[in-house]
Amino acid sequence: MSQKNKMTRRRFLSSSAVLAGASLISGCKEPIYRPVSVASAETTISNRPYYPPALTGLRGDNDGSQNHAHGVALRGKNHTLPEKISEQYDLVVVGSGISGLSAAYYYQKAQPQAKILIIDNHADFGGHAIRNEFTVDGKQLITYGGSENVDSPETKYSEVASQLLRELGIDYKKFNQYFDQTLYKEKWQLKRGTYLAEKTFGKAAMIIGQTDVRNKDNAEIIAKFPFSEEDKRALTEIYTKPQDYLKGKSKRQRQKYAETTSYKTFLAERVKLSETSLKYLQNLSSDYWGHDISAISVSEALENHYPGVQNLGLPKPDFDPDAEPYIYHFPDGNASIARLLVHKMIPNITQDKADTMEDIVTAKFQYDQLDLPTNNVRIRLNTTALLLENKDDGVAVACMEKDKQDLYRIQAKKCIYAGFAPLAARLIKEMPEAQKTAMLSGVRIPMIYTKVALKNAHAFKKLGIYAFYMPDQPYCGMMLDFSVNMGNYRAPQTPDEPIVLHMISIRTALDGSTARDKYRAGRRQLASQSQDALKQEVIEQLRPIYALAGENVDDAIADMTINRWAHGYSYEQVGLFDSDEATESTTKTMQKSVGNIYLANSDVAWMPYVQNAIDQGHRAAQEASKQKTA
């Protein structure tokens, strides 16, 4: 598979960046977390204005945000457009993620007097780029609930995306001073580690260090595994002195094998690793790609520095996924980009000054200002678009609010759809069948970002570890949050302070003939779990780790937010299943307008990155602003 235009996800566990703590703003006076009786979904803050960043419990894709859409997508419910027009606008944008917000921003630049309405089915704007906040023992903690980083802005950003960062006042080079790369490794003297669970490996083991082909201490780390001597020997070999496991194949045969064979198949059939060793390696790619090593090709394994493939006589990768540091990160991740966009379009949205990238971190947003009739740009949350139809005078959009059953009609001259691509195939009835098929190909990755507000980091200090690789467990990894100090915000500086623990769970199923099959099966499994079950899963995975530190996890947790993304990162080309030609043809078809309905979002690019979301929003806005109403 050609890689010249591919942006690979970075693994937080093996990033060269040193990871650190996050913090800021409002929460409940009493902790929502309880060891036995957990909070209900989307806990509200009594006697306070609506402020979704402070909501804990279950966030992201939850029943409240998905019910109406699932009625159409899963239960085949058909809606009829109401005859009465409730509101009229120049532009309606469906989806308030970074692409939808960017589309509205660019359209407003082209049409400054345009009346624009942005609607979203979630409790907050930003799409996958949402903000989580806690208050623990008087300490304000800010963190990210999804999209987290401005990835490779020097080498991979288009001029459009780079210019938008500049217009928003984002100077990514400042993160060299804001992102503390020394806190954990140097100041706290912590390292990355590995936790092997008893259920999978027969005996639990906590090991300081993580195997990596670029490390010099792999043999020492593997020697501590609770594996047989034969398994330890085999793993040590592929990490330190891998053989030519394709001996006898020609150069052409090697290349074809590497591009068409899964990494897991290679390890099982050519290297002949045991089931125990394969279980250890199973999740190497999970948080990077969104699927396990059975959906990673041998070529991709080489590009990402996975073990056992270095002496196969394959061409060297033409790019380095770690070429730029992984430090371009706001305390709330890319939620700050969404907040800057909203502030540009609705200046009165903040109580205080929010003109700079530093200001935005601690600026308090007034959500009651989002949907005012006096605004040229309005954002309406907890509202789902259920039907989009072209009319002689523009586009009709049928909407329904959360927890209501009354459909109402909005009329607009133009509409930009920047939501989940497969849903568009069901909401836009007049979309050509070929385009519907293309849209349905954009199956997203099911995942969870759980944020645990800890009273302190004592357990991690005792263990000497700040980030864990945890194969074959519900959460494949966790880490103390990035340490970013910006403007008036200061991340935790000592292990005695409250801090956020970031846990990542990729719910892609291990079984499935293609990556899409794996995503769908994993989503079905995730949907079957209640909030209580999800919280208990977190606690039970942390319990033995805390026990090794001599602590009780129930005493350590102050609060918890589970950001469940049943439809997480957008689909990205998978080398084993998608050719370059098919990828280009499919995404080109997805991006075609349907009358006065224009398609945006990273979904229609098959590229789940901020720059692609911006580029697609820009393209759709350009198309919409230049075309006359049919």
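Contact here means heavy atoms within 4.5 Å. Helices are DSSP runs of H or I, at least four residues, numbered from the N terminus. This is a predicted model: local features need pLDDT of at least 70, side-chain atom pairs count only at pLDDT 80 or more, and totals for chains, interfaces and linings use all residues. Residues are numbered from 1 along each chain as its sequence is written, and side-chain values use heavy atoms, with hydrogens and water left out.

First, the helices. Which residues of α3 meet α23? V160, A161 and L164 do, and their partners in α23 are Q611, I614, D615 and H618. Helix α3 covers residues 159-167 and α23 covers 610-626. Their axes, lines fitted to C-alpha atoms over the stretch in contact, sit 9 Å apart at about 100 degrees. The angle runs from 0 to 180 degrees between N-to-C directions. α3 and α23 are therefore roughly perpendicular, the term for 65 to 115 degrees.

Now the domains. Bounds come from an automatic or database assignment. Domain 2 is 182-211 + 443-569, and domain 3 is 213-304. Their C-alpha centres are 24 Å apart. About 1900 Å² is buried between them, 66% of it from carbon and sulfur atoms. Buried area is the accessible area (1.4 Å probe) that two parts lose on being put together, summed over both. On the domain 2 side, F201, T211 and Y469 supply 33% of the area buried against domain 3, more than any other three residues.

Terms used
Helix = DSSP H or I, 4+ residues; strand = E, 2+ residues; numbered from the N terminus. Parallel < 35°, antiparallel > 145°, perpendicular 65-115°, else oblique.
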